[in-house]
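Please keep the sequence and the 3D view open while reading.

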Amino acid sequence: MKRRAFLKTAGGAAALSADLGTTLGQPPGPGTAATSTVTLVIDPADPVVAAPPSRWAITELMGRLQARDLTVRIITKPGQILPGETGVVISGPAFTAPAVMPKASVPPAVRESFTLSNANIATGTPGNHRMLIVAARDPRGLVYALLELADRFDHATAPLDAFRFARPLVEQPANRVRSVLRAFVSEVEDKPWFYDRAQWRDYLTMLATHRFNRINLSFGIGYDFVNEIRDSYLHFAYPFLINVPGYKVQVKIAPRFGEEKGGLLTDDERARNLGMLQYISAAAAERGIDFQLGLWTHAWNFDATPNATHRIAGLSPSTHAEYCRDALHALLVACPGITGVTFRTHGESGVPEESYPFWKTVFSGISAVGRKIEIDQHAKGIDAEMIGLAEATGMPATVSPKYWAEHMGLPYHQAAIRPNEMPQAAARNEKGALMALSTGSRNFMRYGYGDLLREDRKFAVLHRIWPGTQRLLLWGDPLMAAAYGRASSFAGTDGVEWMEPLSFKGRKGSGLAGGRNGYLGVAPPSVNDWEKYLYTYRIWGRAIYNPASNEDSRKRFLKKRLGTAAEGAEAALALSSRILPTITTAHMPSAANANYWPEIYTNQSIVIANARDPYSDTPAPRRFGTVSPLDSQLFSTVDECAEELLSGRRAATFSPVEVASWLEELAHNSDENLAAAGKTAAASPEFQRWAVDISIQNSLGRFFAAKFRSGVLYGIYSRSGDPAAREEALKAYRSARDAWKAIIETAANVYRPDLTFGYTPQLRGTWRDRLKAIEDDIAAMEAAKADTTPTSASAAIALALSTPRRPAVALQHLPVKRFRPGIPVVIEAALPTGVAGKLNLCYRHVNQAEKWRTAPMEARANGFHSSIPAEYASSPYPLQYYFEVHLETGDATLFPGLPRDFSAQPYYVIRRA
């Protein structure tokens with residue numbers, strides 16, 4: 001019986017209890033071999049097993065088994081297992097029957113943990129029986145255990161091998177929250193998947209399989225400001241979902257698609273939308289997944305936006321707050337599967353900042369529902385009063401800051417935000433202004449965790465990864481994913497929410513008919529656009545659940561999908577997946593994802609200052625050389641690097657030349673692995689899709705590496721006037737252009753000519769559209785003349801063209817883990833034997849609104865000594881520190897620095913005792 005037919009026959013998980021010991025519990029019939037029978041031992045008195053998510057997961061496993069022609073029986077006691085059957089005992093943390101659970105099978109005493117192990121247990125009949133024990137601490141852990149078993153079974157060549165474990169598999173979560181955000185931003189592109197119940201069943205099952213425990217379905221995130229609005233379907237979401245008694249709020253549809261006049265959103269369409277929200281939230285709950293409703297805008301008046309497709313009628317400023325309160329309350333009552341609500345409460349919500357009475361009114365709609373519902377506030381512009389409003393409801397309160405601005409960087413938390421985001425002494429709040437806080441005194445909260453991480457906070461903090469760096473191309477690096485898993489609980493935070501691939505596809509009215517996958521000449525993996533990224537979800541979800549998760553999960557997936565090419569393709573993708581996050585970290589012309597898209601980069605001029613480009617937050621004069629790194633503490637700019645090379649001094653920060661060499665090496669090594677994989681790969685569409693995306697990312701690495709070198713060389717030329725520097729800058733820039741042309745050739749006839757993630761030019765089109773700006777800037781460089789008397793810069797030129805090798809200096813240092821407020825924090829370190837030099841201690845509160853402090857360390861007989869002063873340690877914040885190492889050879893480096901695989905954070909964190 002096929003899986004879906006079985007599920008329909010069995011009536012889903014709810015029918016499981018009725019089936020216990022009856023039809024599914026009968027011995028195999030005549031002609032049925034016991035060796036092809038899997039017998040599930042389920043005690044109906046076990047509260048973990050009896051929970052609805054557990055029953056759903058058992059039904060899901062049974063369907064998978066029966067789809068491959070195995071007989072499945074359910075019994076209540078191990079003694080009912082027949083000789084030759086495969087016995088699977090499904091249990092909570094302890095057997096409810098008289099038998100004692102073997103010690104190796106007991107799950108860790110942590111929520112959501114589980115074990116899978118083969119063990120002998122007493123059955124009540126002579127001798128012990130060897131069985132598979134599936135044990136979990138709670139229902140969600142049992143869902144993960146059973147789906148792990150189902151996944152092993154799906155990928156096993158010999159099906160019953162899935163039930164054999166050479167050693168126990170023990171798993172427990174590193175992060176409390178592991179969330180995926182799926183955004184509705186386009187009526188034309190998003191309605192198909194929103195209404196597709198079959199894809200939701202498969203999608204949510206996939207998320208649960210890879211141990212995501214939350215889904216955030218977000219509405220109203222398609223625009224930042226009301227005056228931008230075009231496609232406004234579900235933007236101000238309430239009236240699209242529910243009719244609130246006592247209000248005459250309607251959705252007016254503008255004339256479009258050749259219609260003479262518009263109309264009103266019908267009751268049937270509104271009911272359909274609500275029905276889908278009810279279905280999705282219930283299906284998530286069924287699988288043990290928390291459902292978060294994202295309501296990113298409360299703007300309702302679109303009178304200033306002539307192109308809005310839908311307008312809201314029947315609201316006024318005087319009824320706005322009360323309507324939102326009552327509509328939210330009605331939605332939460334109608335959808336009991338909703339466990340939390342995410343709000344954008346800063347000015348981009350359409351409500352002026354410091355509108356505390358408005359939000360107090362809206363939040364009261366949550367507290368009146370009568371069940372626990374998390375209030376999650378997006379962090380931009382947030383202040384203590386807004387957080388306090390959520391806490392005052394008695395509901396769980398969370399603040400969710402951006403992780404690496406609106407992009408994805410290397411897997412640590414940036415050591416410092418960019419200088420233009422630091423608090424300004426003259427910053428003030430303009431009362432009543434839309435962005436009174438986020439462009440005023442709370443400006444530094446725009447793109448990071450800011451000052452949220454006090455040790456005495458009562459609210460939770462969840463990091464959110466925005467989709468600016470990589471929207472389209474396949475990503476998959478297990479080492480980076482594991483490092484993100486470790487970093488997501490940074491300073492006691494609660495986890496991470498990842499805005500999935502294709503987020504913002506069709507945003508800001510740019511949606512095009514034909515779906516979201518972006519392919520033109522390569523067959524998409526399936527009708528579900530997210531299935532292209534199954535490998536990404538697999539390694540990401542499992543690594544943020546458990547950074548030390550077993551590699552078997554990805555190996556079995558790749559072996560089945562890519563066959564003999566699996567090993568080479570895995571290595572190639574892992575290396576190429578480090579390229580864009582490295583570029584993001586080292587070079588950030590705009591923190592806004594609506595402006596900067598390094599995947600399909602809009603060229604910024606090396607030569608011409610303040611040229612027309614979308615990078616409004618590049619420091620003046622705006623050009624490539626002045627661009628700040630996203631981590632401005634550990635990386636240097638192109639101009640700073642040019643000055644450093646000309647001066648002959650060596651800074652400890654990572655330079656653009658060093659980053660260029662990383663990118664070149666990543667691209668080269670990835671290409672080698674891809675070529676090896678291609679020699680053994682069958683000509684499958686799956687491998688072709690992988691090869692295209694890997695090749696494009698490697699060419700992006702070569703493009704940016706060459707442009708970084710060109711920018712540094714041109715900076716040397718503009719300062720020294722040495723014509724040799726300009727000639728080398730031009731050679732490098734032409735190499736960058738050649739790499740870009742390679743992307744165009746690779747992507748031709750594969751991706752659509754208009755990949756739309758927004759309405760403005762930098763968010764749509766394809767790689768071919770960007771070439772002219774690159775060639776124009778090369779022409780500008782050819783015509784440029786330095787305004788200085790020429791001097792030789794041969795040494796600096798040679799360094800700009802070199803492959804720097806940072807000295808490997810492993811300090812002898814025992815990291816400090818805890819400190820007591822008001823007591824100096826002693827830090828000690830020693831250089832390796834035979835290495836001479838000096839150390840500086842760099843330290844800061846874990847507060848991005850503050851600058852780092854640097855102190856020379858005192859040399860002593862056994863090494864170097866320094867201390868963080870007592871008054872500085874009298875703080876509610878954790879501390880972080882690292883070392884600058886200055887060697888007598890003139891070399892400089894950082895410790896602990898960044899490992900070459902980027903798998904660890906480049907500083908230490910000290911928590912308060």
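Two strands are said to pair if DSSP finds at least two bridges between them. Helices (H or I, at least four residues) and strands (E, at least two) are DSSP runs, numbered from the N terminus. The model is predicted, so local features need pLDDT of at least 70 and side-chain atom pairs count only at pLDDT 80 or more, while totals for chains, interfaces and linings use all residues. Residues are numbered from 1 along each chain as its sequence is written, and side-chain values use heavy atoms, with hydrogens and water left out.

**An open sheet**

- Three strands, in the order β10-β9-β12, form an open sheet with antiparallel pairing.
- The edges of this sheet are β10 (263–264) and β12 (310–313), each of which pairs on one side only.
- Strand β9 (residues 250–253) is joined to β12 by four bridges, and the two run antiparallel.
- Opposite Val251 stands Ile312 in β12.

**Arg182 in a strand**

- Arg182 belongs to strand β7 (residues 177–184).
- Arg182 counts as buried because its relative accessibility is 0%; buried means under 20% relative accessible area, exposed over 50%, and partly exposed in between (1.4 Å probe, protein chains only).
- The side chains of Arg182 and Glu500 are joined by a polar contact of 2.5 Å. A polar contact is a pair of N or O atoms within 3.5 Å; within protein, one must be able to donate a hydrogen and the other to accept it, and residues adjacent in sequence count only if both atoms are side-chain atoms.
- Setting aside neighbours within four places in sequence, Arg182 is in contact (heavy atoms within 4.5 Å) with several residues, including Trp193, Tyr203, Arg516 and Asp529.

**Ser903 in a loop**

- Ser903 is found in the loop between β26 (892–895) and β27 (908–912).
- Ser903 counts as buried because its relative accessibility is 15%.
- The side chain of Ser903 forms a polar contact of 2.6 Å with the side chain of Asp901.
- Residues up to four places away in sequence aside, Ser903 touches Leu479, Ala483 and Arg486.
- Ala481 is 422 residues from Ser903 in sequence, yet their C-alpha atoms are 8.5 Å apart in space.

**Helix α18**

- The buried residues in helix α18 (residues 638–647) are Val638, Asp639, Cys641, Ala642, Glu644 and Leu645.
- These buried residues pack against α19 (656–680), α20 (685–720) and α23 (794–800).
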